[in-house]
Amino acid sequence: MDKSTRKLNGSEILIQCLLEQGVDTVFGYPGGAILNVYDKLYEHPEIRHILTAHEQGASHAADGYARSTGRVGVCFATSGPGSTNLATGVATAYMDSSPVVFITCNVNSDLIGRDSFQEVDITGVTLPITKCTYIVSNVKNLADTVREAFTVARSGRPGPVLIDIQKNATADEYDYTPTTPEEFSANGSARIARLKSTHHPAIGYPEIDIKAVETLAEMIERCEKPLLICGGGVVRSGASEEFRTLARRMDSPVAITVMGGGAFGGYDPLKTGMIGMHGSQASNMACDACDLLIAVGCRFSDRVTLNPAGFAKNAKIVHIDIDPSEIDKNIKTDLHIIGDAKEVLTLLLSKMKADKKNDGWKNYVFSFRRETEYDDPENGTLTPKQILSAAAEILPQDTMVTTDVGQHQMWAIQHFRFDYPGQLTTSGGFGTMGFGLGAAIGVQAGNPDKTVVLPYADNNASVQQFDIGNGQTVAALDLRRSLLTDYA
Amino acid sequence: MQAKENEQGLKRYTIITAMDNEAGVLSQLAHLFSRKGYNIETIAAGWTVDQNVTRFTIEIYSDEERIKLLCSQLRKLVPIHYVEILDPSKSIRRELMLVRVKAEDRASRNEIIQIGNIFRGSVVDITPDSITLSVTGDDQKTQAFEELLKEFGILDLARTGIVAIERGEM
Ligand SMILES: Cc1ncc(C[n+]2csc(CCOP(=O)(O)OP(=O)(O)O)c2C)c(N)n1
């Protein structure tokens, strides 16, 4: 790599920094304040820009891209209404811990604070729904801010960050010296050095408490009726293999949260199905009767626990999570281990002695249904299960699925059998209607060889229908409970 | 010292935290408190030995469980360096209060000055019909001072809010 320092304008510096991070796709929608950046994009065919019909669609696309590839998604929008149109997408990514860097441009520095045309304090708007926000008013801070933003988005518990660049900083020139993400994170900014040296939860976490891991290994040894909960953290951490090994070695039934879909095998005989409000009888009966419940990367949301006081009332509850602020937030636990799921599980597996056999307990749990059953409609029409199961049969087994929000979302999660992390992209925490189409575009962009399917529902369609007929979509069949396939 | 309780039986806590000294950090901090349903009773800030770092002392009413959660949420903010809850028995809390009192005759002027002396306050301004005093102490002391001055007629009053520091190890 040519490490020599060059003088470049802010827009070119921004693009160079994106290239440093390995970005090859950005989603967005242009406008006046961000025009300098878009002008520079023409000179960089190595970055593909996917134009959506509305910024919200772009925000979900960047989010879907991130969730399905494990890479950081990037989304551009202009100042004012362009940036506020992102807000729902930012919150959606935040609630589901999806790493996205949102880049907005604002009016010139000398116009800030004067209620200038299309000026808005977007960092103020997005403060509670991002891991961090940045304002760049001077080009000299641009490169390191972008690098730091990517570091923060992907590290620790991942999440969205927003950089608001004032227009002058996209036009002015400054020295640019290339670096790599590894180099930057090793000796980058003073901020990163502080975050690292203090084990700041935004980018890391303290060393795993080995004592707690050993205690857990002993608890596993002693328990007779274990239940594992597979949460979204297993997906984000890439801990799917370790989790499956643990389940096998514990011979434990596994309940899956909405966000955990794909991390545990959909055809696995240990799977009890979804847990909580929309959960299966097997999951909820197991939760009620188990004597040890281990939740991995799950935040015990109200949709999972329903009534926290009665949740797993006969069990010792163990929580493994990367975010210290999730511990004892919704459910009081008996033991917790803070750390990345993959690392904690690897350590746990190394501390476990004999493998277990729990046939009696499994017989009990699996005497209940693993799928939610719905009554057959009286007029002889097809049930959602019939339609979705048939679709799952026809489509390639590794088909990626995105969903909107509502009844069909739960049906899709219940009736498609997700088998690998990233296979399901759904708005779990924020429940954003209109998420599915944008997300599908992003998932397809990140996974060009896969078939991507969105079971579409009519009301969701009307929330974010902009992208239909935007050249991205080919077929819109009868939308009610039908499948919309073939994204460009 | 016994920590105070409010009407809901919540205890008063003193949190100290340090943040990067840059635009926007106060709103990030304050926002988190309001998002979690807290009213900030007092907040005082200023830079530390390092001028790039601002240290805040914040007092709120809470309970053991919720404040632990709040602190771990605070620790997630990128500009935050550290967050600690001070133990009242091992820390010193002080605030500065400025108060302008009606003092239109010699008798009340004398009495106000005497009260000020007892509280080790100082007269910082005097006019024919008012006296302004400054006093430092914990909130109980400033509260007591305020009570005593009420009968003269308080014209204006300002508090800095509590700043707190841990006592040295013995
Ligand atoms: C932006 C937004 N607005 C409103 C809601 C509340 N909401 C959740 S599901 C739903 C209805 C969805 O209906 P439809 O698209 O037909 O899907 P179905 O539930 O029938 O599968 C509504 C209004 C939401 N989740 N998000």
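In which kind of crossing, left-handed or right-handed, does α1(A) pass α7(A)? Before the answer, a word on the model: this is a predicted one, where local features need pLDDT of at least 70 and side-chain atom pairs count only at pLDDT 80 or more, while totals for chains, interfaces and linings use all residues. Residues are numbered from 1 along each chain as its sequence is written, with chains lettered from A and ligands numbered from 1 in the order in which they are written.

Back to the two helices of chain A. The axes of α1 (residues 10-20) and α7 (residues 142-154) come within 9 Å and cross at roughly 30°; helices here are DSSP runs of H or I with at least four residues, strands are runs of E with at least two, and both are numbered from the N terminus. Axes are lines fitted to C-alpha atoms, for helices over the stretch in contact, with angles from 0 to 180 degrees between N-to-C directions. α1(A) and α7(A) are therefore roughly parallel to each other, a label for angles under 35 degrees. The crossing turns out to be right-handed, meaning that the near helix is turned clockwise from the far one by less than a right angle. On the α1(A) side the contact is made by A:G10, A:I13, A:L14 and A:C17, and on the α7(A) side by A:L142, A:A143, A:V146 and A:R147. Two residues are in contact if their C-beta atoms, placed from the backbone, lie within 7 Å.

Elsewhere in chain A, helix α14 (residues 281-289) has A:A282, A:S283, A:M285, A:A286 and A:C287 buried, that is, with 20 or more other C-beta atoms within 10 Å of their own, all placed from the backbone. These buried residues pack against strands β9, β10, β11 and β12 and against helix α17.

Then there is the ligand. It is surrounded by 12 residues, the closest being A:G406, A:H408, A:M433, A:A457 and A:N459; such residues have a C-beta atom, placed from the backbone, within 6 Å of the ligand. In chain A, α19 (407-415) and α21 (458-463) each supply at least two residues of this shell, and α21(A) gives the most, with 4.

Chain B has 4 helices and 9 strands, and its C-alpha atoms fill a box of roughly 55 × 40 × 35 Å along the principal axes. Of its 170 residues, 24% are buried. Chains A and B meet in a contact that takes 11 residues from chain A and 11 residues from chain B.

How values were computed
Parallel < 35°, antiparallel > 145°, perpendicular 65-115°, else oblique. Buried ≥ 20, exposed ≤ 12 C-beta atoms within 10 Å, placed from the backbone.
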